[in-house]
Structures are given as structure tokens and as C-alpha cells.
Amino acid sequence: MKTFASLVHALDSTNKTNQKMEAIHHFLEVAEDKDKLWFLALFSGRRPKRGVSTTLLREWVKEITSIPDWLFQESYASVGDLGETISLLLPPPIGYMDFSLAEWMDKIHNLSRYDESQKKQFILQVWANLPHQERFIFNKLLGGSFRLGVSTKGLINAISSYYNLEASAVSHSIMGEWTVENSSFEELIHGQYVDSNLSKPYPFCLAYPIEGVEQTLIDLKDWQIEYKWDGIRGQVIKRNQEVFIWSRGEELVTDQFPEIVEEIKNWEGDFVLDGEILAIADGEILNFTALQKRLNRKVISKKLLEEVPIGLYLYDILEITHQDVRQESMQARRALLEGLLADKPLINIKISPLIQVDSLESLKSVREQARDINSEGLMLKHTNSVYHVGRKKGDWWKWKIDPLTIDAVLIYAQKGSGRRSSHYTDYTFAVRDGDNLVTIAKAYSGLTDKEIQEVSRFVNKNAVEKFGPVRTVKPELVFEIAFEGIGWSTRHKAGVALRFPRILRWRKDKTVAEIDNLESVKKLIH
Amino acid sequence: MRLIQFRPEGIYCVPGQFFIDPWQPVDMALITHGHADHARWGMKRYLCHHFTVPILKSRIGPDIQVQGIGYGEAITINGVQVSFHPAGHIIGSAQIRLAYKGKVTVISGDYKLQEDGLSTPFEPIKCHEYVSESTFGLPIYQWNTVEKQNEEMANWVQHNQSYKKTSVFVGYSLGKAQRVMKAVEGIAPLYVHYSIHKLNQAYESLGIQLPKYEVLDFREDVKHVNQGIVVVPPALVDSNVIRKIPNMAYAICSGWMTVRGARRWRSADAGFAISDHADWNDLLTAIKSTGAEKVYVTHGQTAVFAKYLNEIGIDAQEVKTEFGEEEDEAPTTKLEGSVL
Ligand SMILES: [Zn+2]
Ligand SMILES: [Zn+2]
């Protein structure tokens, strides 16, 4: 595993794209075919089933090191990564087990056939025979995600430049359901399995936040303007009678939305569509908290199907009758999409309506009222734009509505993970509820490094209580919290849940007496 | 009567009427070692180990009133018997032993058990009360052996050379820098920043031989250091000065580099977990070897470490101090600006 370990280490210890690229190229040069496949699989989120629970791993490491549970927790809170914490706590190795990445993956795969004592014997033996860096990687391989130091996009760029291929072709080739056992690395990235796989999606085309509205929207006629919907971006594929739905996270979510599948199945022809999956009741789009109830469920009850019906708003068409139409203009694709839908009895599926305005002023007022229909703002697509791979500046813009904001006070703080593991970066905020404070949101981002240090010092000096890694602090620091939406919630004590809360700014000018109260926060829900 | 008290000015010896490593100006200060958080400006009189004298003069000012003392040498101050014993932290670092009417208290200052070849090795002292630091008082901190550390640094330099890169080590100018210099001696030409050179002179005035090096003047062109080794203090990280070094790869040498997150936070090309503080196991070893019935835990992981000591049957108490501003003790300090 040395080759793989040094790749991980190299990716981990630089921020520079070209150095990461160099490291990947080096790996591609020296690694075995199966190891490359595993590398690709792991770094693109295709992880094998977890063969041993984290609870057991924790138990075993505590047993070996004889440290109490609270001390394990403190260590974990300080490191921020379970696999790394375990590796650091263990005593130095007494030997070395030399296997390739693929051989390790086989061994890990076999774990699921073992009983608990066999698992324990194996894991303890490995822990005693790997140096820290490899032990850490082994722990990561045992389960959990493995995205260390490189994004999927960075990975694809490195592979495509090494093999002299188009990045879009590579990302197309490696999407979908391939397995290490049945593939060869070279064949895979050269797209040998693409045609045989009906479910292959296209990479999504994404938009940048708009910068200068006036400078960009010079002639409104050049722009196709739609609402930006706040649901799950999805790609719906129908090829040879089969329907697949991909989420933007490159996950197959077909089974989660039977309403859409049923409706699409009845449509004639083959096509690939881009749209937004939304919760829609009686023609009205519900807010995201409603949609959330439908996500990631193994079984969807009849009751839930009735309570939160799913619909799809279509934005675009990428393929029709096995022909890739992404290079057609937006205008032409819109016409194709309208043509496809013309004779369909649209039930849960609709085309995302276009916004027709004659001036920027009226467009601005449309945007300002977007929240009333649970939209996040506007999408501006140039009528000549092709359907790009990923994000490209200039053709597609998102123009979101300004976030909602409240002033809240910091009441709990917890140390961050990863690169911020030595600072308090995870905060919980409260608003006033009568004479009490009630938790309203958690937020992780929005402060500068300097502010984080300042807050950390405050937390160290003003911690009034400790529960494991969490510090209760004197309610004194006031922050302006921005969020994208708000809905009722039975899971939160405050009775409301904020969507995408983040720290907008530290209000050093405000005292805790000036924070918002829960009643005024609730009024923001409609 | 209590032998020591924790006062707003610092640790106070009640019958002796003096302070140990105070952080506010007082009449009489006993100094464990020359780091800035332990040896501060403004004391009427200083008492420290002989080796710390030139460091204090170089740091605080040549005209301070300072008296030197050897390891193990005893003097009496207001009836309290005082002696300094090796702490192994940096050159001249001492644990201060106070004995009064049959009761013995030892204030450790900062210490480590690993031998770095430069500071006099740590010596355990039996006592009733022990004041211990706890900078790395979490079990995740376990240092590699010095040989392994040196080997890793040497490998890194050679790796950089094969890519035609200059190896820049970032380490605290007093203690860490000299350790790094020794570790990479003879592999490539060695250059150091002026602030390190100043302290090297203090070392050399005490007869300690350091590897041959050249002082790097960042006001001049520094292209000639290409593929060599440069040692700079942490204040230079992120400064324009350091960017003048051609084809640079830089490594931070600090105990905090144990954790991936800390390495990434500082966005260094490499991090070496090398520390002048005791790791978890050595803290426990040191404390047990004193036989102390009461342990006061100062700067670092005070709460966690004190709790653990109590659980294993050692009466321990957390004490708030103003120690811990030096580089290795303050992972949170992102140093700004440049020091030329
Ligand atoms: Zn020190
Ligand atoms: Zn210190």
C-alpha cells in the first residue's frame, strides 16, 4: 500500500493544483491496474460496504490503549477524524504487512463473512503491523468516505491530462455503475463501457452566482429566464423502456421518486432530461423541509406518498433518441423539450415556466417576490448557450434572492475537524424566547481565520460547562445569521428549522439584549 | 503555610517572597528557561541557569540584573532552599526545586524526556508537589524516536533535492531551530535567518558546537540558497520575505504537526512532529517519577490531563497561567507580517 499511501500523503500536504496533479500522474505511472481502479472508485465515492462497525473499532482501540471513553472522546474531538484518532492512539507498530491496495480491499471485503472475534483478530493484527500513515488509510478504507485532498473534478482533470483525453469524456466514462471486479482501468476511462450501460448520466451544467447584473443583462432578449427552484436537481434518463434518476451528487435516486418513474415510463421514446425534483401539493411548491421528509428512505409509506407528493419541473433536454443534443443552443433545446412534452398528459411533471419581462426593473421585482412561491431566485441562461460540463462562467448565472437574516447569540461551541481541529469552529446559536434562550441554528462557516481565533479565545475563557467536546459559553457574542429558508419543524425545540444557516457577520456592535426573539423569527415562515 | 501560591502576577513562593516565571513585573523572578512566555520583560532581578543568562540578555536587554546558577547548586532565599535541575526542554532550561521546612515543591517549567543532544537531559526530582505543563496532554501525541525524526527530515531534504527544490524548515528560533540544524547537518549547505543566528551566538558563547551555517540576509538576493536547507522562525511564514527563496518546499517542525488537520491548516508542504515538550507517555512518566502527592497542571491540556491524573489516583488540579504563547504551545497563532 506504500504507493497509495504516498499518493494520499502528497495530495494531503499541498494546496497547489499542479502538485496534486503531479502526484496523481506519478501514481498512474507506477500503480497496478486494480489499484488504479480502486483509487478511482474510492475517490469518486464508490465505497464498499462497511464490514465492521465504528463502535467495535472504538471498543477495541480503548481496550488496547486502556484509555477511558471520555478521553477517547476528547482525543477524537481534537483530531476530528475517527480513523486518524484511532491510528494516533495506537502504540507504534511491531512489524509490517505488505499488501497492495487491491489486496487490502479484498481483505476488507472478506470481513463481512467473519464473525466478531475473527474480525477483531484481523483488525488488531493489521493495527499492530502498519505505520501510522498506512494505518490511518486502512482505517479510512474500512468504511466511510475517502475524499482526501482532491475533488472529483481535480481527479478527472488529472486522469484526462495523463491519458490525453477530454475531461468531459472521462467524467462520462466513470459515472454510473461499474465495479472494480468487472472493469479494467484503461478500458473504463477510455469509455469502453459507456454504450452498454443504459443508466449513464451526463455531467450537470452548473451556474455561477451573477456578478454585475446591469453589465450582464444588457439585452434581456438574449436570456432565457426561469425561477431557481429549491429542490433536488435531477437527471431523468429513459432509454430502452428503462427509467433512471440521478441526483447531482451522482447518486441513483430512482427508487425514491416512484411518481416520476411511473409517469415517465408511459412516455414514448428515449431521452435524457434535466430538472428539479420538488414537493408539490395541489399545484403549489412546498418548501424544502417538506421535501426532506421524502429523502433517503428505504420504504415510502402510502401516507407519506399522499402527504408529500413529488413533482418534477423540467429545465432542459440533453439527449433525444440516443442523440446527444448538449451542443445545441439553449433556445433549440428548449424547443426540443417543449416538443417532447407537447402531447404528454402532464400530471406530476411540468416544464419550468419562463419569465417574460420587458425591463430589468420588473425582473428585479419578480426576483424579490420569488420567496412567496418557494423559489430561491432566478436562473439566467444565455439563449445561445450549450449544455456545459460543470461550471463555466458567462453562459449560465444564478441570481439568488437575498438571504433572510436574524441576530442570535452564541451559546455552544465545539472544535472543528480537519484543518481546523484546534479551533472552536462549530457554533450553536440561540434567540430569545420569553425570558429564556432557545437554540435556533448551528453554523460552521462564515468567519475569517482571525475571527475564529478570537472566538476560540473567548470560548476558552468563558466556558461555563463542558459536555464532552461541547462547551457551553456565556451568552455574549452576537452574530448575524443568514439562511435560505425557514419552515416548521417538530424535531427542533424552537419549532422551526432554518435552511442553510451560516454566519453573515459578527455583530460586535450588538449585545445579547438586542438579539431577535422567536416570535419574530416565526413570522418569517409563510 | 503553603509553599507556593498562584497569584495574578504568576507563581509565588510564599516564604521565599519571589516569583517563578511571572508574567507581570515583580521584584524577584526565578526563570525556568528563556522562552518568551516564561522569561518576560520588567523584573527588577532575575535568577536563572548560567546558560539562560546570555539568552535573557539577548532577548530582554543587555542591562538587566540577572544572576546565573548551575544545575544542582543550592542557594537559600529567605529561608527557602532553591536549586535548579535539568528540564531537557531547551538549553539552560530548568525545573526549580523549592525546599522549606521539610516540604519540597518542584516547578517544572516546560520539559521533555527525549534527548535532543543540545540540552542537558531531564532529571526526575522527588517532591511533594509538582507543577507540570500539559502542552501535549492528550494520548494522540506520541513522538517518534529522535533517530526516526532525523531520518524523516533527511529523507525529505533528499526528496526535495531530487526535484531541485530548496528545503525550508520552520521552527522556533530558540531550541527547535538548533535541533533542526543538527538533524540535517552535512546533507546540504545550511542557511539560517538572522534571528536564529543571534541565538546561535548565545549557544556558541556557551561552548556548544553547532553545524556550520551561513546567515541569510533577506534584503539581498537569496537565489544562491537553491536546493540547500534554510531554517527560519515561524514569524516568516506567509511573509513576502520567505517567498524570495527559489523553488521552496517548506516544512513546519512542531508537535502539533501530529494531526493532519493542523498540517493542513498551516498549509505547509510537510510537517514534522518534533517537539521540545513531553508527549503523553513522557508526561505521565515524569509525573510518576517525582512521587508527588499533589500535581498542579499548567498550560496546555490542563482540564483533560488533570482529570486523567485524578482517575489514575494522582491528586491533580488545573491551574490557569499565562504560559503557552511560544510557538510550540500556540497552534492557533497564525503569524502575521514579516520580521526582517
Ligand atoms: Zn518553553
Ligand atoms: Zn511554556
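**Notes on a cavity and a helix pair**

1. Let's start with the biggest hole: the largest cavity has a volume of about 240 Å³. Keep in mind that this is a predicted model. Searching the whole structure turns up eight cavities of 30 Å³ or more.

2. Who lines the largest cavity? There are 19 lining residues, and the ones nearest the centre are A:Asn287, A:Asn374, A:Glu484, A:Gly485 and A:Ile486. Four elements of chain A each give two or more residues to this lining: helix H15 (288-292), strand S11 (375-382), strand S20 (485-488) and strand S21 (496-499). S20(A) has the largest share, with three residues.

3. Why does the largest cavity lie between domain 2 and domain 3 of chain A? Because domain 2 (205-400) and domain 3 (404-522) both give residues to its lining.

4. Now for a helix pair elsewhere in the chain. Two packed helices are described by the angle between their axes and the distance between the axes. For helix H3 (residues 33-43) and helix H7 (residues 101-110) of chain A, the angle is about 65° and the axes are 8 Å apart.

5. Which residues meet where H3(A) packs against H7(A)? From H3(A) come A:Lys34, A:Asp35, A:Trp38, A:Phe39 and A:Leu42, and from H7(A) come A:Leu101, A:Ala102 and A:Met105. Sorted by class, this contact has six nonpolar residues, two charged and no polar ones.

How values were computed:
Residues are numbered from 1 along each chain as its sequence is written. Chains are lettered from A and ligands numbered from 1 in the order in which they are written. This is a predicted model: local features need pLDDT of at least 70, side-chain atom pairs count only at pLDDT 80 or more; totals for chains, interfaces and linings use all residues. Side-chain values use heavy atoms; hydrogens and water are left out. On a 1 Å grid over the protein atoms alone, a cavity is a set of points where a 1.4 Å probe fits but cannot get out, and a pocket is an open set with protein on both sides within 12 Å along at least five of seven lines; lining residues have an atom within 4 Å of a point. Grid points are joined across faces, edges and corners, and a volume is the space filled by probe spheres set on the points. Domain bounds come from an automatic or database domain assignment. Axes are lines fitted to C-alpha atoms, for helices over the stretch in contact, and angles run from 0 to 180 degrees between N-to-C directions. Contact means heavy atoms within 4.5 Å. Ala, Val, Leu, Ile, Met, Phe, Trp, Tyr, Cys and Pro count as nonpolar, Asp, Glu, Lys and Arg as charged, and the others, Gly among them, as polar.
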